[in-house]
Amino acid sequence: MSDKPKGKPGFFRKLRLKRGRFVAVLIASVFIALFLLFLLFDRLFPFPVSSISWSKSVYAADSTLLHAFLSDDDKWRLPVRLDEITPDLEKAFIFKEDRLFYYHPGINPASVARAAFNNLVKGKRTSGASTITMQVARLLDPAPRTHLVKIREMFRALQLEWHFSKREILQLYFNLLPYGGNIEGVKAASYIWFGEDPAELSLAQIALLTVIPNDPNALKPGRNPELLRQKRDFWLKQMEKKRLFPKTMTEDALSEPIDASRYDIPRRAPHLSYRLKQTGTGTELYTTLDPAIQHSIEVQATNYVRRLRSLQVGNLAILVVDNRSMEVLGYLGSAGFDEDQWQGQVDGVRALRSPGSALKPALYALAFDEGLITPKMMVTDVPQNFGGYRPENYDETWRGKVTVEQALALSLNLPAVDLLDKVGVDYFANKLAVSGFKWIGAHRKKLGLSLVLGGCGTTLEELTGLYSAFANHGVYQPLRFFKSSSHNSSDTLCSPGAAYMVTNILTQLRRPDLPNQYKDAANLPEIAWKTGTSYGRRDGWAIGYNTDYTIGIWTGNFPGNGVPELNGSEFAVPLLFSIFNAIQPKQQSDWFSPTPDLDYRLVCSESGMPPDTFCHHQVMDYFIPGISPSMRCNHMQRCFVNESKTISYCRSCLPEKGYREVLYPHYPPELMAWYNEMQIPYQQIPPHNPKCPSVKYTGAPVITSLTDGAEYLIIRGRKQQLQLACNAENGVGKVFWYLNDKLLQDALPGDKVFFTPDPGDYKISCSDNLGRNSDIWIKVTYL
């Protein structure tokens with residue numbers, strides 16, 4: 001038996017337990033002290049996170065990259081989002097660079113120990129210990145590679161891990177990796193070296209992205225393709241050994257050739273991209289553009305502009321809008337952004353141009369709402385003088401009596417000017433101003449009757465927004481360019497009924513602005529459209545819409561030089577039809593329907609007014625109850641005449657017998673004057689009874705050739721004359737012209753009288769054979 005004292009083993013056991021606790025406490029204390037020291041140093045020496053200058057990038061609605069710009073420090077540095085980091089991309093990089101990335105705190109102690117041992121034993125650097133986090137620290141805070149700098153990188157890596165998640169650190173890593181020259185980040189490298197989005201990369205391309213950052217200047221594609229292939233294949237074989245990817249996938253990657261090309265960063269929709277770069281906030285701008293529609297209009301514009309240039313018309317612009325969301329789906333500022341000889345960098349969507357007749361539908365819509373007209377109502381298309389302004393039609397011809405729908409469909413100028421005179425220039429300009437027309441809003445006090453014929457400045461963007469309002473039942477909403485933008489406030493341009501009547505008129509095919517090649521075509525899109533041609537033939541417009549889209553087309557030359565053949569019908573409409581057929585090839589079953597505020601009624605075909613007893617030909621017409629004119633038709637008037645119909649009577653001179661009541665056409669004086677001038681026969685009321693004791697004071701002749709209060713300048717030495725002409729009522733047989741109350745000449749109502757004036761003030765008087773008189777005053781000055 002042993003004589004060793006009892007209790008001795010217990011003593012040593014307790015001593016060992018105490019030592020174990022002491023060591024544990026010591027280690028814990030060291031870790032706590034180090035942690036507290038780290039927190040102190042983290043507070044004293046915060047990570048110098050400098051703001052990274054990103055490349056501003058513009059995306060389509062489906063996140064397709066449309067356009068990118070160099071960063072402020074001239075780098076291609078496109079930010080990659082977390083959801084763009086594909087599993088294959090992540091696996092490949094982590095396998096090659098840092099297999100324990102998700103398990104260490106920013107520093108891999110085993111790698112540090114191995115690297116230190118190898119460097120000390122072999123006397124040189126044979127292996128590195130940099131984790132992905134340490135590489136990010138170096139990329140964010142670059143410095144010469146020394147041992148002290150390496151220690152600093154470790155501290156910075158710990159800071160990154162403390163302040164950021166692993167995914168955020170990985171995102172920074174993918175965004176800052178160098179790929180040679182001014183290319184940084186996997187997204188920029190994917191587009192420049194492979195012409196692909198990161199999500200579309202093959203395994204071979206992913207492997208190349210993992211090896212290039214090790215020596216970006218030596219390994220970038222095109223410089224040393226054989227060395228690059230060796231590096232890529234080495235890591236692909238390593239991945240195959242570890243079964244990181246399916247064997248067939250790595251075999252395909254090993255056999256894939258290396259493309260040494262350098263691709264251009266996407267530069268689609270350049271005009272919109274530059275526009276949003278200046279106005280948009282943020283680095284990534286997500287637009288509403290539809291890539292398919294944008295590509296379609298770009299291709300069609302490239303092909304179509306060749307024909308235009310053969311006719312001396314150098315450019316075009318296109319805008320496509322979704323009527324329901326007001327999102328811009330297609331935006332083309334010119335046929336070629338880089339075509340300097342055609343001023344391609346000018347944005348035709350925003351360029352200020354004359355709209356020609358493109359504003360007429362808005363005027364007619366307002367006139368419908370003001371109760372001035374209905375579609376079947378008759379108006380006159382004859383020469384008139386509006387305070388010195390004498391508009392003419394585009395084809396320099398007159399049509400006499402036309403319906404309102406014919407006047408709009410034929411785009412007649414004089415009925416539109418006459419309508420604007422009744423609606424009021426200020427009212428029309430104010431309505432356009434609240435519908436987005438900025439130039440008109442700024443100059444509304446200076447505008448006149450020529451406004452409706454193009455005497456103003458508008459843009460393709462404004463006109464397309466206007467026509468989109470017709471598709472939206474008369475409600476105007478600003479266009480949307482950003483996907484995240486909310487709907488702005490809306491303004492009412494016109495009533496739903498007025499919008500429908502305008503749409504119904506603009507859908508008609510019997511019109512002069514239907515191009516010749518489409519007159520018998522079967523592939524016409526079902527749209528409502530209007531054209532416009534500016535004064536001097538500088539601009540050719542076509543804007544069309546259906547329930548889904550509104551498309552605006554402008555054709556012309558940016559310098560403003562006119563072309564004798566240019567017009568909206570032959571130059572812009574074919575492209576409008578082609579784009580509609582391309583983006584919406586099938587005819588839509590849903591079309592605009594009459595709105596609840598509309599009704600229809602029978603009207604006289606001669607006047608467009610509710611029929612009277614003498615109206616034998618009637619047609620159906622839309623009207624707005626309680627607003628549209630409701631007076632009875634007056635296209636015929638009852639007159640008392642003698643049995644031979646050579647003399648007419650009024651109530652004052654009506655004989656007791658020997659007369660009868662006869663219906664005669666009731667024509668406006670300006671229409672009769674035009675009939676007389678054109679020698680068009682019409683039924684006239686016989687001359688009034690010369691023995692009538694009553695003198696009428698209404699219906700005096702209207703002087704049309706001179707403007708009351710105007711000053712006329714005459715060049716001295718030239719035999720210049722002034723013309724006297726008037727419009728007189730039906731039944732007037734003769735008129736008498738007076739200069740300063742002295743008879744100059746008597747003439748028939750439709751005759752033109754000329755006189756040679758002397759300098760000075762003149763009172764011009766015109767009296768008819770019924771004793772009715774009108775006066776104007778003018779001044780003549782010789783130069």
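Start by selecting glutamate 298, which is buried, with a relative accessible area of 18% (buried means under 20% relative accessible area, exposed over 50% and partly exposed in between, with a 1.4 Å probe and protein chains only). What you have open is a predicted model, where local features need pLDDT of at least 70, side-chain atom pairs count only at pLDDT 80 or more, and totals for chains, interfaces and linings use all residues. Residues are numbered from 1 along each chain as its sequence is written, and side-chain values use heavy atoms, with hydrogens and water left out.

**First stop: a charged pair**

Helices (H or I, at least four residues) and strands (E, at least two) are DSSP runs, numbered from the N terminus. Arginine 268 is partly exposed, at 23% relative accessible area.

**Second stop: across to helix H19**

Now select glutamate 461 and arginine 275, whose side chains meet in a salt bridge of 2.7 Å, N to O. Here too distant parts of the chain are linked: glutamate 461 is in helix H19 (residues 460–471) and arginine 275 in helix H12, 186 residues apart. Glutamate 461 is buried, with a relative accessible area of 19%, and arginine 275 is buried as well, at 12%.

For a network, select Asp73, Lys75, Arg77 and Glu184, which are joined by salt bridges that share partners. How many salt bridges does a search of the whole structure find? The search finds 32.

**Last stop: strand S17**

Move on to strand S17 (residues 636–642). Five of its seven residues are buried, so S17 is largely enclosed by the rest of the structure.

Show strand S19 (residues 659–665) beside it: S17 and S19 pair in the antiparallel sense over seven bridges (two strands pair if DSSP finds at least two bridges between them). To see one of these bridges, pick cysteine 639 and its partner in S19, valine 662.

Valine 641 stands opposite serine 648 in S18. Finish at the hairpin formed by S17 and S18, with five residues between them; lysine 645 in the turn has a positive phi of about 60°.

How values were computed: Salt bridge = Lys/Arg side-chain N within 4 Å of Asp/Glu carboxyl O.
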